[in-house]
Amino acid sequence: MQLELPLAIAPATPPAGTLRYIQLGGEIVCYRFRRARRRSIGIMIDDDGLRVAAPGHAPIAEVEAFIREKARWVLQKLAEWRAAPKPQVVNWSDGASIALLGEPVTLELLPGRRGINLQNGRLGIGLEPRGEPAALRKRGIAWIKEHARSLMSERLSLYAASLGVPTPALALSSARTQWGLCQEGGRVRLNWRLIHLPLHLIDYVVAHELAHLREMNHSARFWAVVGGLYPDYKLARSELRQCNHRLPIL
Ligand SMILES: [Zn+2]
């Protein structure tokens with residue numbers, strides 16, 4: 001017999017891990033399974049759905065029994081995940097839209113022109129003769145990252161001056177779950193994907209990471225430093241929490 005899988009349950013692009021299926025309360029649920037160096041079985045719902053990690057020695061029957069035990073939680077969380085807004089996948093064609101600094105920007109492919117240029121809400125991309133669509137996407141992303149880097153280093157020096165410290169070295173990251181990081185030694189890493197969000201949210205992340213130069217923790221003293229740099233930090237923090245799903249996939 002062939003199992004018909006409801007489309008909504010299967011992840012769009014199979015991410016890392018083995019895909020497995022389990023029946024929970026009359027529903028066939030797809031999950032990503034991996035072995036990990038850990039003591040117990042762990043389950044979670046992330047951007048791609050249900051994820052299960054188990055110690056190397058745990059038999060698969062034990063893993064499945066564990067998931068069944070948590071069936072109610074799993075089904076409820078999966079329902080919430082399906083109802084949540086999904087990130088927009090950008091197709092790099094003429095007229096497509098990408099959010100930059102919280103505003104929609106329209107892609108304009110320009111045959112016979114060179115370079116990339118952002119003007120009046122349009123991102124003009126020169127089309128090289130015989131250029132491949134994949135190369136176009138790659139050039140577009142490289143441009144967006146560079147744009148992110150120059151804007152972020154500008155904001156970093158602005159807020160560093162306001163904190164009274166020299167501008168720290170900046171590195172870009174592309175982590176999926178972390179906006180920024182202040183490393184020991186004072187290097188700041190910022191997620192280039194922040195460029196999709198409004199400037200005030202980028203500023204909040206910049207202020208947050210800079211404040212770690214004073215306090216390497218999240219104590220009340222730390223938040224006082226953040227507040228000194230960026231008074232409306234509480235609002236920005238909660239806005240940012242809701243932004244994960246709004247970041248487009250380039
Ligand atoms: Zn922090």
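The face turned away from the buried side of H2 carries exposed Arg72 and Ala83. I keep in mind that this is a predicted model.

Next I looked up which residues of H2 are buried. I found Ala71, Val74, Leu78 and Trp81. I then looked down the axis of H2. The buried residues of H2 fall within an arc of 90°, so they line one face of the helix.

H2 runs over residues 71–83, which is 13 residues. At 1.5 Å a residue, H2 should span 18 Å, and its end C-alpha atoms are 18 Å apart, so the two agree.

Then I turned to the whole protein chain. I noted six helices and eleven strands. The C-alpha atoms fill a box of roughly 60 × 55 × 30 Å along the principal axes. Of the 250 residues, 40% count as buried.

I looked up contacts between residues at least 6 apart in sequence. Of these, 44% join residues at least 24 apart.

For the surface, I noted an accessible area of about 14600 Å² for the protein chain. Carbon and sulfur atoms hold 52% of that area.

Last, I looked at charge. The protein chain has 34 positive and 22 negative charges.

Note on methods: Residues numbered from 1 in each chain as written. Predicted model: local features only at pLDDT ≥ 70, side-chain atom pairs only at ≥ 80, totals over all residues. Heavy atoms only, no water. Helix = DSSP H or I, 4+ residues; strand = E, 2+ residues; numbered from the N terminus. Expected span 1.5 Å × (residues − 1). Buried < 20%, exposed > 50% of the residue type's maximum accessible area, 1.4 Å probe, protein only. Arc of directions from axis to C-beta. Contact = heavy atoms within 4.5 Å. Areas by Shrake-Rupley, 256 points an atom, 1.4 Å probe, with all protein chains shown as cover. Lys, Arg positive; Asp, Glu negative; His and termini not counted. Charge placed at Lys NZ, Arg CZ, Asp CG, Glu CD.
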